[in-house]
Structure formats: structure tokens, C-alpha cells
Amino acid sequence: MNIGVYTVIDYAEQLIQGKGLDFHSLYLEKLYQHCKHVAILSVGLGFLYQLNLQEIIDLGVGSLLHDIGKIEIADSILKKSSVFESEKGLSIQDHPIVGFQRIQVFHFNKNVENIVLQHHERIDGSGYPSGLFDVPLCVQIVAMTDVFDWMSSECYRQKEQGIKETFDALYEMAGFDRMMLHIFKDAFDDAIGGI
């Protein structure tokens with residue numbers, strides 16, 4: 001069976017919509033594109049790690065939904081204005097919990113739930129919302145690709161950062177598995193012909 005990244009992403013989108021969750025229409029277009037980029041990168045890394053098919057599908061679904069909690073947060077927060085709390089008193093750091101609560105009614109599996117709830121956790125305990133040290137592999141993958149996509153996008157520091165600079169910054173950050181980061185960088189290197 002030869003299954004590729006985009007086949008998994010398409011299937012993940014169908015699975016989500018099949019549960020009655022029209023997530024694409026809920027997201028702002030920029031946020032949807034970010035989640036799709038994270039899904040592509042995460043599923044690709046899942047294939048490199050030779051995860052089983054269910055875990056790879058979970059990476060796709062979880063990545064597409066990882067920021068769903070942000071739709072509950074005021075636009076002013078998402079646009080990085082000087083306001084850091086919504087009218088409901090929610091901060092941007094609450095979005096994993098809000099997202100986890102939102103998807104509960106759709107009965108996704110534990111891997112998907114963990115990705116939505118824990119994608120800001122770091123293996124050194126410095127993440128949120130719980131400060132975990134024991135972060136599941138699928139969550140680690142999404143956490144790293146989430147930061148990578150965010151840092152290499154125009155949202156970061158008002159201008160797009162180059163791929164090399166993004167990887168340099170990721171290596172300087174605590175909280176990511178160095179071997180995973182190395183595998184990701186090597187795969188990126190191979191895909192684009194060198195960084």
C-alpha cells in the first residue's frame with residue numbers, strides 16, 4: 001500500500017467533516033493555512049518515524065484541529081494587538097484547553113485529543129497548559145512543526161524568516177527533542193536541495 005502525505009491530509013479532512021465538524025469554515029483563512037501546513041509537515045515526519053497508519057492519520061487530524069481553540073479567542077489576540085485577553089477573560093495560552101473542550105463532543109481518539117490539548121507542551125516541562133515532561137511522540141511532532149511553521153511565516157516578527165534562520169532558532173530553543181529536530185531538518189534539506 002503506497003499512501004502519501006496529501007492522501008492522509010485529505011482523508012483527515014474527510015474524517016473531521018464526517019463527524020459534523022466544519023472546521024475549515026470556522027477558521028480564519030490564515031489560521032486554516034497554518035494548520036494545513038502543520039499537518040503536512042507532521043504527517044511527513046510521521047512517515048519518517050515509520051509510525052503506524054493510525055498514528056499518521058491521528059497526526060493529520062490532530063494537526064488540522066490543533067488550533068481550533070483559537071476560534072474562541074478574540075480577533076484582537078490573534079492579530080497580536082496590545083490586548084492579550086478576550087472579552088471572556090481568555091488568553092491565547094488558553095486555546096489548547098478551549099480546543100480540547102470543543103472537540104470532546106466529536107469523540108476523537110486519545111492521540112488527537114492529546115495533540116489539541118498538549119501541542120504547546122515541551123519535553124523539558126517548560127510548556128503549557130500542564131508543564132508536562134512526558135510528552136507523547138505525536139504531540140512532540142506537532143509541537144515542533146507548529147513552531148517551525150509559525151516562525152517561518154509572515155506572522156512572525158512582521159516578516160517571513162528564512163528556513164535556515166528558523167532551524168537555527170529552533171536549535172536554540174529548549175523543549176524540543178534534538179534528534180527529532182535533526183531528522184526534520186535533514187528531511188527538509190533533502191526536499192529542497194539544501195538549506
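**View 1. Buried residues of helix H7 and the helices around them.** In helix H7, which spans residues 110-118, the buried residues are Val 112, Glu 113, Asn 114, Ile 115, Val 116 and Gln 118. The model shown here and in the views below is a predicted one. The packing partners of these buried H7 residues are helix H4 (53-65), H6 and helix H8 (137-151).

**View 2. The start of helix H7.** Where H7 starts, a side-chain oxygen of Asn 109 comes to within 3.1 Å of the backbone nitrogen of Asn 111.

View 3. Ile 103 belongs to helix H6, which covers residues 95-103. The relative accessible area of Ile 103 is 0%, and because buried means under 20%, this residue counts as buried. When residues up to four places away in sequence are left out of the count, Ile 103 touches Leu 65, Ile 68, Phe 108, Val 112, Glu 113 and Val 116. For the pair Ile 103 and Val 116, the separation is 13 residues in sequence and 8.6 Å in space, taken from C-alpha to C-alpha.

**View 4. The packing of helices H8 and H9.** Two packed helices are described by the angle between their axes and the distance between the axes. For H8 and helix H9 (residues 163-172), the angle is about 135° and the axes lie 9 Å apart. The two helices, H8 and H9, are therefore oblique to each other, and their crossing is right-handed. On the H8 side, the contact is made by Val 147, Phe 148 and Met 151, while H9 contributes Ile 163, Thr 166, Phe 167, Ala 169 and Leu 170.

**View 5. The whole chain, for orientation.** The chain contains 10 helices and zero strands, so that its pattern, read along the sequence, is α-α-α-α-α-α-α-α-α-α. Of its 195 residues, 46% count as buried, and the chain exposes about 9,900 Å², of which carbon and sulfur atoms supply 53%. Where contacts between residues at least 6 apart in sequence are considered, 61% of them join residues at least 24 apart.

Technical notes:
Residues are numbered from 1 along each chain as its sequence is written. This is a predicted model: local features need pLDDT of at least 70, side-chain atom pairs count only at pLDDT 80 or more; totals for chains, interfaces and linings use all residues. Side-chain values use heavy atoms; hydrogens and water are left out. Helices (H or I, at least four residues) and strands (E, at least two) are DSSP runs, numbered from the N terminus. Buried means under 20% relative accessible area, exposed over 50%, partly exposed in between (1.4 Å probe, protein chains only). Contact means heavy atoms within 4.5 Å. Accessible areas come from the Shrake-Rupley method with a 1.4 Å probe; for residues, only the protein chains shown count as cover. A polar contact is a pair of N or O atoms within 3.5 Å; within protein, one must be able to donate a hydrogen and the other to accept it, and residues adjacent in sequence count only if both atoms are side-chain atoms. Axes are lines fitted to C-alpha atoms, for helices over the stretch in contact, and angles run from 0 to 180 degrees between N-to-C directions. Angles under 35 degrees count as roughly parallel, over 145 as roughly antiparallel, 65 to 115 as roughly perpendicular and the rest as oblique. A crossing is left-handed if the near helix is turned anticlockwise from the far one by less than a right angle, and right-handed if clockwise.
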